[in-house]
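Me: I have a model open and would like to go through its packing. Can you take my questions one by one?

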Amino acid sequence: MSAAAESSFAAGFAWAIARDVRLAWRHPGEALLVIAFFTLVASLFPLGVGAERELLERIGPGVIWVCALLAAFVSLPALFSSDYADGSLEQMTLSPHPMPGWVSGKIAAHWAISGLPLTVLAPLLGLQYALSADTLVALVCALALGTPVLSLLGAACSALTLGARGGGMLLALLALPLFIPVLVFGAGAAEAQAAGQSSAAHLSLLAAGLILAAIALPSAVCAAIRIALD
Amino acid sequence: MRGANGSGKTTLLRCVVGLTRADAGEVLWNGKGTRAKPRAFNAALLFAGHLAGINDDLSAEENLASALALRAVAATPDELRAALAQVGLDKPRHLPARRLSAGQRRRIGLARLILDPAPLWTLDEPLSALDEAGERLFGQLLERHLARGGLALLSTHHELACAPARELRLGA
């Protein structure tokens, strides 16, 4: 007979993040492939468009942001669908831990696997685009604030398409338009810095978006999961 | 709960645990509606549906530990091992669940029943894919659970080792 432990938001969050990171670690190739693919794409652009300094500085932040956005997107379908298929999602829904806790944990794990590595790699990618140190700092800050928003928005879309036929296509139609504001302000931050202006306005908007998304979207994901299981 | 295929056993179970919204009526737990305070009800509830909730990439031991942590039940590694040994999964406990047979996967669920102190079991066809020894073990666990004052709502086509207090027959 075992003792009952505490059920709380934090316990559910920790449970989900530990489980999903461990599962990703079981097949490191899958996560690494996504990161490697988009790192390569970002590295191929300078070779493709030529080594003109002004041109590279101009397109660099945008290309790196599009790569981060697509990396977040391609790992989205797996976020809930395998747990949905094997019944784990039912067990999670019936857990005494509050639902937003483990949902947020799964989203955080998605970010740790897709957004975080690209944020860390961004300075290296930026060097190939001859970005200045200030611009690189703005780019990394923007990615650190913006990629969690991508994971949050993507999770809501992923939960909404659970169990739907042709879910992948539907997910692209739902998620990619929602990613656009993040892309605009994210790439805008680095561009403003490169143009000699302050990136503070863009970063503040991204931070506000992150706070709003982190508060509102986990509940939306919970509602979508309940509908999918009904 | 007994009834022909398609008579609604699974639907009723899912309504009771709150996964499916009932068209009419409500579920009461200790006199209170479970919709209003689902967490208190969930804490008392152990549900095992058609889908076992077992992840293929995790081992039997990890699956069991993960399921218990999700239910906020603290179990030491020794307790986990003892429970897995009791259900006959001592040797393959480090194998990924994808390498286990259907019956062995069911036995991970039996190990959950051993360690989880939940007073209410809701089990959908708990005996499917189990061999005779597994059925006997389930019968023992069910008797122990009932002797402790536990409740169990289960759907089955098999004969149960202990006589149910009440049999619910669902017509198609």
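Me: Which residues touch the most other members in the largest nonpolar core?
Reply: Phe80(A), Val221(A) and Ile225(A) do, in a core of 71 residues. A nonpolar core here is a set of buried Ala, Val, Leu, Ile, Met, Phe, Trp, Tyr and Cys residues joined through side-chain atoms within 4.5 Å. Buried means under 20% relative accessible area, exposed over 50% and partly exposed in between, with a 1.4 Å probe and protein chains only.

Me: Which helix gives the most to this core?
Reply: Helix H7 of chain A, residues 133-160, with twelve residues. Helices are DSSP runs of H or I with at least four residues, strands are E runs of at least two, and both are numbered from the N terminus.

Me: What is Val221(A) in contact with, leaving aside neighbours within four places in sequence?
Reply: Phe80(A), Val103(A), Ile107(A), Ala155(A), Ala156(A) and Ala159(A). Contact means heavy atoms within 4.5 Å.

Me: And what other core lies apart from that one?
Reply: One of 30 residues, including Leu110(B) and Leu141(B).

Me: Before I go on, what are the ground rules?
Reply: This is a predicted model, where local features need pLDDT of at least 70 and side-chain atom pairs count only at pLDDT 80 or more, while totals for chains, interfaces and linings use all residues. Residues are numbered from 1 along each chain as its sequence is written, chains are lettered from A and ligands numbered from 1 in the order written, and side-chain values use heavy atoms, without hydrogens and water.

Me: Over to chain B. Where does Phe138(B) lie?
Reply: In helix H6 of chain B, residues 132-147.

Me: Buried or exposed?
Reply: Phe138(B) is buried, with a relative accessible area of 1%. Beyond its neighbours within four places in sequence, its contacts are Leu110(B), Leu113(B), Leu123(B), Pro126(B), Leu127(B), Leu154(B) and Leu160(B).

Me: Back to chain A. How many helices and strands?
Reply: Nine helices and zero strands.

Me: Why call chain A as compact as a globular protein of that length?
Reply: Because its radius of gyration is 19 Å, close to the 17 Å that the globule rule gives for 230 residues. The radius is taken over C-alpha atoms, and the rule is 2.2 Å times the number of residues to the power 0.38.

Me: What box do the C-alpha atoms of chain A fill?
Reply: Roughly 65 × 30 × 30 Å, along the principal axes.

Me: How much of chain A counts as buried?
Reply: 47% of its 230 residues.
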